[in-house]
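Visitor: Hi, I'm new to this one. Could you show it to me and walk me through it?

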Amino acid sequence: MKKQSIFFIVLLGILTTLLPSFSAYASELGDVIDTIDAPSHYHTGLTYDGTYLWHAAVYSRKIYKLDTEGNEISSFDSPGKGPLGLAYDGVNLWHADGIDKKIYKLDTEGNVIATFNSPGSNPVGLTYDGVYLWNSDDDDGKIYKLDIGGNVIASFDSPAGDPAGLAYDGAYLWLADSRNEMIYKLDTNGAVIASFNSPGSTPQGLAYDGVYLWNVDYYGGIYKIYIGLSLGEVIDSFEAPGFYLRGLAYDGTYLWNADAWYYKIFQLDKEGNEISSFNVPGTGPQGLAYDGVYLWHADSDDDKIYKLDINGNVIFSFNSPGSYPTGLTYDGVYLWNVDDSDDKIYKLDTGGNIIDSFDSPFKGGLPWGLAYDGTYLWHADFNSAIIYKLDIGGNILDSLESPALNPTGLVFDGAYLWNADFYGGVYQIYIGYEEDDDNTGDDSDWDDCENQKIPVYHNGNLAIPYVNAGHLGCYENVEVTVGNLLNHTKVSCYCPGEDLTAVYNSGNLSVPYVDAGDYGCHINVELTIGHILGYRVTECQ
């Protein structure tokens with residue numbers, strides 16, 4: 001049987017050199033991350049091919065290939081006299097010319113493959129969405145959706161005074177306004193989603209690199225711009241009180257962290273301040289999970305999984321299914337446990353019986369952290385420093401690099417993933433969910449309430465320890481136990497309002513059973529385990 005050995009660094013002076021530095025990570029929409037110089041003068045088009053930026057300049061009538069540090073790799077003459085927009089389709093470049101009033105298809109050496117007349121008389125911005133080209137025209141103020149033969153599929157009026165560069169991020173269009181010094185985020189029907197002031201005085205070409213927006217200014221440089229959170233982005237981090245961090249759990253308010261240096265389980269706030277602690281029951285502390293009332297804790301020396309009250313008292317225990325249990329999570333009904341001795345992830349009932357199992361995704365690694373977000377499992381591998389998103393059958397849906405050098409514990413708090421580093425750091429990570437900061441249920445998921453008519457989670461499962469019944473959309477009489485949707489009735493849609501009040505004087509509900517149907521004629525009920533945060537009164541159906 002395999003037992004991974006961790007070579008402990010005992011000297012604290014050596015250990016501290018391994019610790020990461022900690023600071024706030026997230027930026028504001030439109031913040032400039034970096035700036036590079038653009039070659040030539042009078043800069044217009046910009047696109048990105050997955051490695052390099054491509055840039056058009058009016059002064060030289062050239063198209064330049066640049067690395068993301070601004071170094072020129074190569075260049076060629078533009079095919080026309082007024083080089084403007086650029087786009088890349090995965091193989092070839094597309095290029096708009098404002099004097100010729102044409103859109104050219106070019107290979108990356110500058111040879112013309114095809115050309116067609118632009119739909120407007122002054123084509124400026126150009127981007128490609130994987131199927132269609134999008135072209136902004138400064139004379140008629142429109143944005144055109146074109147097939148690659150130049151046929152107009154659709155068009156809409158631009159919000160910009162002088163529409164210039166265009167980019168596509170996989171969901172939204174980004175448009176530069178060179179008159180009003182603005183950059184707009186648009187849906188593909190032209191509705192403005194967001195906007196910010198451009199970093200330069202005359203914004204032109206735009207490009208999206210998968211994370212950042214790039215904007216070239218007609219008279220200036222090329223700006224790298226933050227436009228929102230991306231999968232795996234670190235929101236914040238803190239140093240934990242222990243040195244050998246293992247499991248993480250979240251109880252709706254506090255984080256819990258198992259530490260193999262002090263052999264303790266620490267209760268922490270989200271800034272890393274210690275609230276309390278107690279000794280672990282065994283000698284090989286590993287994974288942690290919280291079920292709404294109790295903590296569950298895996299121990300790799302004892303090969304056991306313990307059920308503990310929040311003061312550390314053992315309620316009972318059972319033998320782990322493998323001989324080196326590491327990560328642990330709870331989905332509202334079942335425990336999930338990853339084991340390093342056989343590289344498996346087990347689904348267990350709370351008596352320790354195996355319901356199901358599958359292989360961990362990284363063979364030869366050190367499978368560790370495990371979290372459940374209400375629909376999917378997240379799993380951290382210690383050796384590769386990769387975090388995997390898995391369906392409950394073990395299929396890999398996505399992955400991201402862990403910010404931790406050696407990731408161990410994982411937990412989901414209802415909005416973010418938290419990941420512990422073996423040597424001391426805890427990271428808060430964005431994984432695509434929106435946070436409802438004011439506890440009203442009125443977050444970005446509700447911008448179009450009429451479309452929110454299906455339960456969010458599959459198979460009736462709700463997120464634990466955070467349950468937001470408001471996200472069930474247009475339903476009432478929602479009946480749940482902790483982690484499970486038992487029943488619901490579809491009603492006419494009511495969008496969230498501001499007339500939220502507390503249920504009962506203190507807002508306390510029974511745990512672990514919550515029957516939202518008891519609220520009668522209310523919808524958009526939002527709760528954590530044991531607490532109703534708010535609801536909206538409606539007419540009785």
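**A pocket and some rings**

Guide: The second largest pocket holds about 230 Å³ of space. This is a predicted model, where local features need pLDDT of at least 70, side-chain atom pairs count only at pLDDT 80 or more, and totals for chains, interfaces and linings use all residues. Residues are numbered from 1 along each chain as its sequence is written, and side-chain values use heavy atoms, leaving out hydrogens and water.

Visitor: Which residues are closest to the centre of that pocket?

Guide: Tyr48, Thr127, Tyr128, Tyr168 and Tyr208, out of 19 lining residues (those with an atom within 4 Å of a point on a 1 Å grid where a 1.4 Å probe fits; a pocket is an open set of such points, with protein on both sides within 12 Å along at least five of seven lines).

Visitor: Switching topic, how many aromatic pairs are there?

Guide: The structure has 24 aromatic pairs (Phe, Tyr or Trp rings, with the six-membered ring for Trp, whose centres lie within 6.5 Å; planes under 30 degrees apart are stacked, over 60 edge-to-face, the rest tilted). Take Phe243 and Trp261: their ring centres are 5.2 Å apart and their planes at 70 degrees, so the pair is edge-to-face.

Visitor: Is Phe243 buried or exposed?

Guide: Phe243 is buried, at 19% relative accessible area, while Trp261 is partly exposed at 26% (buried is under 20%, exposed over 50%, partly exposed in between, using a 1.4 Å probe and protein chains only).

Visitor: And what about Trp256 and Phe278?

Guide: Trp256 and Phe278 make a tilted pair, 6.3 Å centre to centre with 45 degrees between the planes. Both Trp256 and Phe278 are buried.

How values were computed
Points joined across faces, edges and corners; volume = space filled by probe spheres on them.
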